[in-house]
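My entries follow in the order I made them.

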Amino acid sequence: MPRTQTATERPTGLDLVPELHHVGVQTGDLDNSVAWYQEFFGCRPNWTLDTFSELTLSRLPGITRLTELAVAGLRFHLFERTGHDDAVPGANTRQFQHICLSTGSAEELRAWRDRWFHLYESGRYTFAGEERPTDIVTDADGVQSCYVLDVNGLELEFTYVPPGGDR
């Protein structure tokens with residue numbers, strides 16, 4: 001009788017280790033989002049599309065444009081869709097809740113939070129909501145973090161893990 005592979009076993013000879021390629025961000029205003037990501041993160045545009053495969057059109061009805069932005073090894077795919085609900089998902093909605101970006105120091109963590117306030121108060125961007133960044137908190141292991149929302153209302157965590165931390 002042939003042996004059946006279980007879901008936790010890997011096929012022989014394959015070392016399956018994924019790497020993050022990009023973070024996809026849906027928006028109703030691509031120009032606003034691109035400008036904010038460029039100024040907040042220092043991203044540069046790599047390319048823009050306005051025609052899409054049948055697969056993309058079936059998975060993202062109403063997609064009109066997509067721009068890839070990159071900084072260091074981090075890439076964002078910002079895509080504009082028409083005909084979708086602009087409401088920010090609630091806390092009880094099944095979704096990716098946030099992405100976490102590490103900082104090199106506690107000072108950098110404060111600088112990211114300060115940059116968010118600077119851009120918000122500049123009036124140059126339209127934000128989906130009024131929520132301000134959280135305070136910076138320090139856990140029992142000395143790890144510091146805060147949460148901010150992008151212009152679309154999507155949550156980003158910034159965290160600093162001090163030397164010797166294993167997170």
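This is a predicted model: local features need pLDDT of at least 70, side-chain atom pairs count only at pLDDT 80 or more; totals for chains, interfaces and linings use all residues.

I searched the whole structure and found zero disulfides, a disulfide being a pair of cysteine sulfur atoms within 2.5 Å. Cysteine 146 is in no disulfide, and its nearest cysteine sulfur, that of cysteine 100, is 9.7 Å away. Cysteine 146 has 0% relative accessibility and counts as buried. Cysteine 43 is also buried, with a relative accessible area of 0%. I use buried for under 20% relative accessible area, exposed for over 50% and partly exposed for in between, with a 1.4 Å probe and protein chains only.

Residues are numbered from 1 along each chain as its sequence is written, and side-chain values use heavy atoms, with hydrogens and water left out.

Entry 3, the fold. I listed three helices and eight strands in the chain. These are DSSP runs numbered from the N terminus: helices are H or I with at least four residues, strands are E with at least two. Along the sequence the pattern reads β-α-β-α-β-β-β-α-β-β-β. Of the 167 residues in the chain, 33% are buried. I then took the contacts (heavy atoms within 4.5 Å). Among those between residues at least 6 apart in sequence, 54% join residues at least 24 apart.

Which residues have the most contacts inside the largest nonpolar core? They are Trp36, Phe41, Phe76 and Phe158, in a core of 29 residues. The elements giving two or more residues to this core are strand 1 (23–27), helix 1 (30–41), strand 4 (74–81), helix 3 (106–122), strand 7 (144–149) and strand 8 (155–160). Helix 3 gives the most, with seven residues. A nonpolar core here is a set of buried Ala, Val, Leu, Ile, Met, Phe, Trp, Tyr and Cys residues joined through side-chain atoms within 4.5 Å. Leaving out residues up to four places away in sequence, I noted that phenylalanine 158 touches Phe40, Phe41, Leu101, Thr103, Leu109, Trp112, Gln144, Ser145, Cys146 and Val148.

I found a positive phi of about 50° at alanine 72, although it is not a glycine. Most residues other than glycine have a negative phi. Alanine 72 is in the loop between strand 3 (63–71) and strand 4, and is exposed, with a relative accessible area of 83%.

Alanine 35 is in helix 1 and is partly exposed, at a relative accessible area of 27%. Serine 105 lies in the loop between strand 5 (99–102) and helix 3. Is serine 105 buried or exposed? At 16% relative accessibility, serine 105 counts as buried. The C-alpha atoms of serine 105 and proline 163 are separated by 9.5 Å, with the residues 58 apart along the chain.
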